Amino acid sequence: NTFDQRGGHSSSNTRASYHYHVPPSCLLAQLGMTSGVHSPQIGWMADGFPLYGPLGPNGTAMKTCTVTGGKEGKDVCTDACGGYASDTGD
């Protein structure tokens, strides 16, 4: 098991690669995340897009549109790559 106490780990011994496979619960708590509301921004992706926690508008747990049966850009769901093409409210 290579995961630390908070669910993150490094996948390389030769370059920086620390990452998470689960929402960073301690960071989300420090940022004041509560149920029923949109998750706070927790970082920036390498391409410049903001990175948010697991909850979308109105506290909806984000899932891919293929799982929810929703339509990209219209419903509260993500595309196959985890992108959300609607208003984030910020």
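A disulfide is a pair of cysteine sulfur atoms within 2.5 Å, and this predicted model holds one of them.

**View 1. The disulfide of cysteine 65 and cysteine 77.** The two sulfur atoms, of cysteine 65 and cysteine 77, lie 2.0 Å from each other. Cysteine 65 belongs to helix H2, while cysteine 77 sits in the segment after H2, twelve residues apart. Both ends count as buried because their relative accessible areas, 7% for cysteine 65 and 2% for cysteine 77, fall under 20%.

View 2. Cysteine 81 takes part in no disulfide, and the nearest cysteine sulfur, that of cysteine 65, is 12 Å away. With a relative accessible area of 77%, cysteine 81 is exposed.

**View 3. The surroundings of methionine 62.** You will find methionine 62 in the loop between strand S4 (50-52) and helix H2 (65-68). Its relative accessible area is 23%, so this residue is partly exposed. Beyond four places in sequence, methionine 62 touches several residues, including Pro54, Leu55, Val76 and Tyr84. Serine 11, by comparison, is 51 residues from methionine 62 in sequence and 25 Å away in space, C-alpha to C-alpha.

**View 4. The hairpin of S3 and S4.** Strand S3 (residues 41-44) pairs with S4 in the antiparallel sense over three bridges. Tryptophan 44 has proline 50 in S4 as its bridge partner. Five residues lie between the strands, and in this hairpin glycine 48 takes a positive phi near 95°.

Notes: Residues are numbered from 1 along each chain as its sequence is written. This is a predicted model: local features need pLDDT of at least 70, side-chain atom pairs count only at pLDDT 80 or more; totals for chains, interfaces and linings use all residues. Side-chain values use heavy atoms; hydrogens and water are left out. Helices (H or I, at least four residues) and strands (E, at least two) are DSSP runs, numbered from the N terminus. Buried means under 20% relative accessible area, exposed over 50%, partly exposed in between (1.4 Å probe, protein chains only). Contact means heavy atoms within 4.5 Å. Two strands pair if DSSP finds at least two bridges between them.
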